[in-house]
Amino acid sequence: MARAYRTFALVLALVLGTVATALAQSGTLTGKVTLTTGGRPMAGAVVTVLSPGGVEVARTSTRSDGSFRIAGLSAGSYTVRVSSIGYTVREFPGTTVAAGGTGTVDASLEQQPARLEEVSVTVVSKSPEKVTEAPAAVFAITRTEIAERPALTVIDHLKSVPGVDISTGGLVQSNVVARGFNNIFSGTLLTLIDYRYAAVPSLRVNVATFFPTSNEDIERVEFVLGPGAALYGPNSSNGVLNIITRSPFTSTGNTISLEGGARAGSNYVSGPSTLTDNGAGIWRVTGRSAMRLGTKAAFKISGNYLKGNEWRFRDSAEPATLDVLKPGLNIPPGRCNPSTGCRDFNLEQWSGEARLDVRPNVNSEVIGTYGMTDAKNLIEYTGIGAGQARDWKYSTAQLRYRYKRFFIQGFGNFSNSGDTYLLRSGNPIDDKSRVWSAQFQHGFDFGTKETVLYGADYIYTDARTGGTINGRNEDDDTIKEIGGYLHSVTHLSPRIDFVGALRLDKNSRLQSAVLSPRVAMVFKPSADQSFRLTFNRAFSTPDNNNLFLDIVAGNIPLGPGLSYNVRALGVPATGFQFRANGGCAGGTAGNLCMRTPFNPAAGQLPAQAARLWGAALAAVAPSTG
């Protein structure tokens, strides 16, 4: 990982060196915005400068006299857009700015009835397009909605999206699905942050509170309800969630916010007792700072600290004497009791993220991001009971580059589980897994009727669980995935598009590659309406837990010195095999042959309860003598 960080720093240094030589070759854009009726100046109108590829280069607002000035533009041709709420939008394509010179754009805006904001999405092609033109059912949550809605995690913003099922397990614990059944410890929804995978490495579980991105740093949230493997890659058969963060170029300034609240004192039953929450609550402080570094670079940093008290719940399967059974867990004195068990309900975590954007010219940009979350204390639910996360660190590093319609990125996600343990067994969880990925995409047009996208991606999952999660599979639990796709949009008429796509994926743990086709007809009767008829087959790869899980899920005591360990297992490469032909000693056709802890030396015996009952009684009976 140290080598990856050094490479990351070297690339950024080379880019910044290129920027320094380009700073001198820039020009200025000036102008004035007025009303068409009376010619009065318009204050606060937004002036946006776009590259030929549609990428935003600069933005400013008009002064009280309607004038504006944007300095530091690279020499070239731009499209200048002038807009204000309640007025027509004017665009001036082909606006030229010369090196060392000044370009001028004067605009007059006409008042019009207010209309809803036109929503664009990038989850499909990594370039903005209208949501009504996307070849899938996409719902977008805008920056305005995000700013107006209090949210502890990004999942709170999805509660108004149709077709989404959310199950909540605490203040910040939740599981989201768009297709199929919801469940604990879910990773079926492909979740992205700025096009990088957001799931916890190797476990592939979406823990929203681990995302280092703060609420104030989210530009928009895009949600694809249907399967989309043709474009988005494997593991998207149950929908796609893409979180887009704000660029420091267009969101400069400093923000600090403080939130807090307390819930009403509620009664709840825990074992034999009725207890009260006593108005426990939560508070959070968030800070964000974004600034331009000259005209070619911009930087932002954000941080978040959260502290509160979880809802109290008693799982009867969790021993109230875990502090005695597992002294190495260092559970604080007095924490364990018959009413609430050994859970620590004090929620505490912090997260931070830094991002550097560099735009050497109007057609290209380089973005580097690093983020980390430290769950100091957190209860997270799994399929084998709740886990007490202590000092679990989740970090991510990403470097992406765009030139016109060519996009390439590399990123890594890293886990360090700290002192985490399971509350039912007290067994520690050691997870230092990591995921590495590289992706590219490119697009081009054939005339005015055909648009083509193609790309490929590579994922390397390196599971490192110290034998605590993958057990006997620890030395053979890595997964490599590679895939590619071709996506075509044919504009049959101004209102009808035909979409065709094909994706091929190969997983190192599966024998054959998998094809994922997609065809769709998109009919647009008007500018803000669309109808789709779609066929799509998506592909989800088996995750690390599906294949390599080997963990003690619980223990069944049978008597003095005798007990059963109940293990949760992934499916091995050869599948599970049971002898059912009566081939073991004393067996008959149709009987399963199994091993027993009552007589380990006997090997496999017929699984007949009546025949083994006597041996079981003898094993647990007190010795006489």
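A cavity here is a set of grid points where a 1.4 Å probe fits but cannot get out, and its lining residues have an atom within 4 Å of a point. I note at the start that this is a predicted model.

Entry 1. I searched the whole structure for cavities and found six of 30 Å³ or more.

Entry 2. I looked up the second largest cavity, which has a volume of about 210 Å³. I counted 18 lining residues, and Leu-152, Thr-153, Phe-211, Thr-213 and Ser-214 lie nearest the centre.

Entry 3. I turned to the largest cavity, at about 270 Å³. I listed 21 residues in its lining, with Tyr-197, Ala-199, Arg-204, Asn-235 and Val-435 nearest the centre. By class I noted 10 nonpolar, eight polar and three charged residues. Strands S13 (190-193), S29 (450-462) and S30 (479-493) each give this lining at least two residues.

Entry 4. I checked what S30 does with strand S31 (residues 496-507): the two pair in the antiparallel sense over 12 bridges. Thr-490 has Phe-498 in S31 as its bridge partner. How many residues does the hairpin from S30 to S31 run through? I counted two.

Definitions and conventions. Residues numbered from 1 in each chain as written. Predicted model: local features only at pLDDT ≥ 70, side-chain atom pairs only at ≥ 80, totals over all residues. Heavy atoms only, no water. 1 Å grid on protein atoms, 1.4 Å probe; cavity = no way out; pocket = protein on both sides within 12 Å on 5 of 7 lines; lining within 4 Å. Points joined across faces, edges and corners; volume = space filled by probe spheres on them. Helix = DSSP H or I, 4+ residues; strand = E, 2+ residues; numbered from the N terminus. Nonpolar A, V, L, I, M, F, W, Y, C, P; charged D, E, K, R; others polar. Pairing = 2+ DSSP bridges.
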